Amino acid sequence: MGTKLIGVIGAGMVGSAIAVDMSEKYLVTVADYNKEALDKLKSDRIKVEQIDVRDKESLKEFLSPFDLVICAVPGFLGFETLKTIIEAKKDVVDISFFSEDAFELDELAKINNVSAIVDCGVAPGIGNMILGYYNSTIKVDKFLCLVGGLPKKRCKPFEYKAPFSPVDVIEEYTRPARYIENGVEVEREALSDAEFVDFEEVGTLEAFNTDGLRSLVKTMSHIPNMKEKTLRYPGHIDLIKSLKEGGFFSTEKVKVNGGEFTPLEVTSSILVKAWKLDEKEEEFTIMRIEVEGEERGKEVKHVYNLYDEYNRETNTSSMARTTGYTVTAVANLLLDDAITRKGILPPELIGDVDGLLAKVFLYLKDRGVVYKYEFFGSSHIFGEKII
């Protein structure tokens, strides 16, 4: 059997890291509208093709030869792009993190005999897999995810830079946050419930509500307490709230010198430059996952901590590594038929398959992305089995 063909849609920071990693084992073709980004990726093992994913017929034609597709487009393009991939009958791993409900495509995926793994990044992604695993092994009472990606050098006024589309970040700041508390789904304004959290590697960060549970609200609704919070340097929230309350994120058009624009369009165009990471600028990803529950009649707590930095040897950002290599780990499992279930598959439905989470952790560890594990409340040495 010949080398499998992989299609990667999106040549941004994360898509590029995915393409390079997959090209070690497979023949990869990357599609994007940005020719400059494609030219940087082109090599003996990576082909490139300039396409507009909004042109569905061109996209389907591009998809035809591949054994697997990885979708890494911005969120506002994600849902329709994923739908087209499913219609083309291609198995897919998706990290576009679109705001629409992916389960609306579940029936379509099953009809087309497609495995569509969505939200397969670091968060959502690994956290979901961890929860999926423990949901199948203990009685889970509480799940907490704290996560953020930040530049190592703090620069005013934002003290933040986005390794992906600012539009997607703003979406996180404006979309209501859902979480589960005492068995009840609660909806709060994004940026609410701010609190300080200390981390050994970086000191004090500020955590606040965002809508990061996503599919878990449906698939794990039986768990009485679940919450996801985003991490930023202290002070960032107040600045974003000022922009939000001042109307800078509004989608209502305003007239300016005879033209019509939305404040969100103008703000995004400014933040694209303000939040853009400089070439080789160092940043880090930090995450803490806590799963509490009952195991063998005892209260237990499983904790996973991640601190990952920009890789100077490969000039690869931490967010690209932590997100992209999670994607490629799962993509390899899919290509090896370790994942056979059809339909829309959020990561928690992968984590509950025996042995798959351990394989993902080992794959990441081989690439220098290491999750530190702590266990509280029992003599059961679980960490050695996973990491």
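Visitor: Is Glu 159 buried or exposed?
Guide: This is a predicted model, and the values are computed from it. A residue counts as buried when its relative accessible area is under 20%. Glu 159 has a relative accessibility of 7%, so Glu 159 is buried.

Visitor: Which residue forms a salt bridge with Glu 159?
Guide: A salt bridge needs a side-chain nitrogen of Lys or Arg within 4 Å of a carboxyl oxygen of Asp or Glu. Here the closest N and O atoms are 3.9 Å apart. The partner of Glu 159 is Lys 156.

Visitor: Is Lys 156 buried or exposed?
Guide: The cut-off for exposed is over 50% relative accessible area. Lys 156 has 70%, so Lys 156 is exposed.

Visitor: What kind of peptide bond joins Lys 156 and Pro 157?
Guide: Pro 157 sits in the loop between strand 7 (139-151) and helix 7 (166-174). For the bond that joins Lys 156 to Pro 157, omega is about 5°. This peptide bond is cis.

Visitor: Where is Pro 124, and what is the peptide bond from Ala 123 to Pro 124?
Guide: The loop that holds Pro 124 runs between strand 6 (115-117) and helix 6 (126-135). Omega of the bond from Ala 123 to Pro 124 is near 0°. That bond is cis.

Visitor: What is phi of Asp 119, and is Asp 119 buried or exposed?
Guide: Asp 119 is also placed in the loop between strand 6 and helix 6. Its phi is positive although Asp 119 is not a glycine, with a value near 55°. The relative accessibility of Asp 119 is 6%, so Asp 119 is buried.

Visitor: What is phi of Asn 113?
Guide: Asn 113 belongs to the loop between helix 5 (106-111) and strand 6. Asn 113 is a residue other than glycine, and its phi is positive. The value is near 55°.

Visitor: How many residues apart are Arg 312 and Glu 282?
Guide: Arg 312 and Glu 282 form a salt bridge, with the closest N and O atoms 2.5 Å apart. The pair links distant parts of the chain: Arg 312 is in the loop between strand 16 (298-309) and helix 11 (318-335), and Glu 282 is in the loop between helix 10 (263-274) and strand 15 (283-295).

Visitor: Which residues are linked with Glu 282 in a network of salt bridges?
Guide: Arg 312 is one of them. The network also holds two further names. Linked with Glu 282 are Arg 312, Lys 152 and Glu 309.

Visitor: Are Arg 321 and Asp 308 buried or exposed?
Guide: These two form a salt bridge, with the closest N and O atoms 2.7 Å apart. Arg 321 in helix 11 and Asp 308 in strand 16 are 13 residues apart. Arg 321 has a relative accessible area of 4%, and Asp 308 has 3% relative accessibility. Arg 321 is therefore buried, and Asp 308 is buried.

Visitor: How many salt bridges does the structure hold?
Guide: The pair Arg 321 and Asp 308 is one of them. The total is 24.

Technical notes: Residues numbered from 1 in each chain as written. Predicted model: local features only at pLDDT ≥ 70, side-chain atom pairs only at ≥ 80, totals over all residues. Heavy atoms only, no water. Helix = DSSP H or I, 4+ residues; strand = E, 2+ residues; numbered from the N terminus. Buried < 20%, exposed > 50% of the residue type's maximum accessible area, 1.4 Å probe, protein only.
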